[in-house]
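Let's take a walk through it, stop by stop.

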Amino acid sequence: EEHCRRLFYDIERIAKSDCTIEHFLGTIVYVIGSTQPNFMDFTVIDGQQRITSVMLLIKALHDTIVDRELKEDILETYLINKRAPESLRIKLKPIESDMNAYEKIMLNEGSLQESNITKNYNVFLRLIRESIYAPENLYNALNNVEIVYIALEKDRKSENPQLIFESLNSTGLSLTQADLIRNFLLMNHDYEDQKRLYKNYWLKIESNLPNAMISDFVRDYLTMKSGVIPNKDKVYSTFKDYVRENENYDEEGILEELLTYSEYYSWLLNCNSPHKCLNELLQQLQQLKSTVTYPAALYILEDCFTYKKISIEILVKIIETIISYLYRRMICEYPSNGLNKVFASFALELDKSNLSNETYYEGAVSILASKSGNAIFPRDDEFRRAFIIKDLYKTKIDKYTLYQLEKYLNKEVVDINEDITVEHIMPQKLTPNWQI
């Protein structure tokens, strides 16, 4: 259903543009079969799903269009072979398990409700009826769908269809989400513009962040902007939708913004901002393993360093409060899965509050303090009770806790690294004297 919706929305985009844009559907590979005077036979090797989906969409359009002449034209041009033998009357023959449901839809003989073929046909019917565009407009938009097709001759030993299918689908590395995002932002420009945008923006983004981190970075950027966390494997498609929905953005504007945020994201990953006091806090966020805070942190860093809306002192106080919120929750054993939503919406809540330098800190604290249920900010009494009985040795924050106490009580702080172990003052097995 998801892929059918995406195909339909791409067709709608063509209709919206009065058929001035095109949509590339991909590559179709087929073997040329037998040739008769009235028809030709093709075996599809790659692209079956797309062809079947388009045929179901065409049938749904046929069934919703009122004009009888156009209906007949669609039927005879795309859906049936009028002069072919009965067994080849329907143009597309899906695999055996789908054939029965497909035939019933094409011949108007009811439907097999449990089949995906039927479900997808019904999705298209529903989308056509809900669309603001007339079925005739959507049908015309299909003329602007483009494919690349590769035709293979039957019985050519050098062109084994299965080997070709395997090479199309498995060799080489698939494009990463970062590659797709880069191509999306650059490909619509002429060569000179592409070079300029790549050099001025994308190359610098890649120098701030390793390619493997760019997808996570864009995911956190989108979360900060929308308050909704995209699925990890849908970052590219969500990004594409975001850019298209924000018509006041052009590709260069987006690249410029991504470049700014990529520097802040690099600070979060490497704790290498120009301010020592900030870097110490960013290290603490890493020690608490709380990457869910990154969308909120990006927003606050931008307010401090790009817009100069708040001072570095206010920024430090806010991050200290976020660390307190995270630490207290760990001690009080609140689940961490609720934190995603807290920090996903944090930037939008701050934005709505329209805070000044004087009110920014209080505003940020009140957002966290107002949370309830699983997202609550534990108060002093609850934290104190939990801290006294907490078995810190079995947590991942034992060294972190001791280090913070060490830092608080001493001017010269020992350097904590992976080699340092936790030693016991009390024996692990207590004797009666110890118990007393």
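What follows looks at salt bridges, then a pocket, a surface patch and one serine. Keep in mind that this is a predicted model.

Start with the charged pairs. Take R6 and D241, whose closest N and O atoms sit 3.3 Å apart. This pair links distant parts of the chain, with R6 in helix α1 (residues 2–16) and D241 in helix α11 (residues 235–245), 235 residues apart. R6 is partly exposed at 30% relative accessibility, and D241 is partly exposed too, at 26%.

Now move to E252 and R196, another salt bridge, with 2.9 Å between the closest N and O atoms. E252 belongs to helix α12 (residues 251–270) and R196 to helix α9 (residues 191–208), so the bridge ties together parts that are 56 residues apart in sequence. Here again E252 counts as partly exposed, at 25%, and so does R196, at 32%.

E333 and K390 also form a salt bridge, with the closest N and O atoms 2.9 Å apart. This one runs from loop to loop: E333 is in the loop between α15 (312–331) and α16 (339–353), and K390 in the loop between α18 (380–389) and α19, so parts 57 residues apart in sequence are tied together. For something beyond a simple pair, look at E1, R5 and R126, which are linked in a network of salt bridges.

Next, the second largest pocket. About 670 Å³ of space lies in it, and 23 residues line it, with Y393, L402, V422, E423 and H424 nearest its centre. Which helix gives the largest share of that lining? That would be α19, with 7 residues. By type, the lining splits into 14 nonpolar, 4 polar and 5 charged residues.

L402 turns up again on the surface, where L402, L405, Y408 and L409 form a nonpolar patch with about 500 Å² of accessible area together. L409 lies in helix α19 (residues 398–409), and this leucine counts as exposed because its relative accessible area, 64%, is over 50%.

Last stop: S290, in the loop between α13 (276–287) and α14 (294–305). S290 is buried, at 6% relative accessibility.

Technical notes:
Residues numbered from 1 in each chain as written. Predicted model: local features only at pLDDT ≥ 70, side-chain atom pairs only at ≥ 80, totals over all residues. Heavy atoms only, no water. Patch = residues over 30% accessible without salt bridge, like charges linked within 9 Å, V, L, I, M, F, W, Y side chains within 5 Å. Areas by Shrake-Rupley, 256 points an atom, 1.4 Å probe, with all protein chains shown as cover. Salt bridge = Lys/Arg side-chain N within 4 Å of Asp/Glu carboxyl O. Helix = DSSP H or I, 4+ residues; strand = E, 2+ residues; numbered from the N terminus. Buried < 20%, exposed > 50% of the residue type's maximum accessible area, 1.4 Å probe, protein only. 1 Å grid on protein atoms, 1.4 Å probe; cavity = no way out; pocket = protein on both sides within 12 Å on 5 of 7 lines; lining within 4 Å. Points joined across faces, edges and corners; volume = space filled by probe spheres on them. Nonpolar A, V, L, I, M, F, W, Y, C, P; charged D, E, K, R; others polar.
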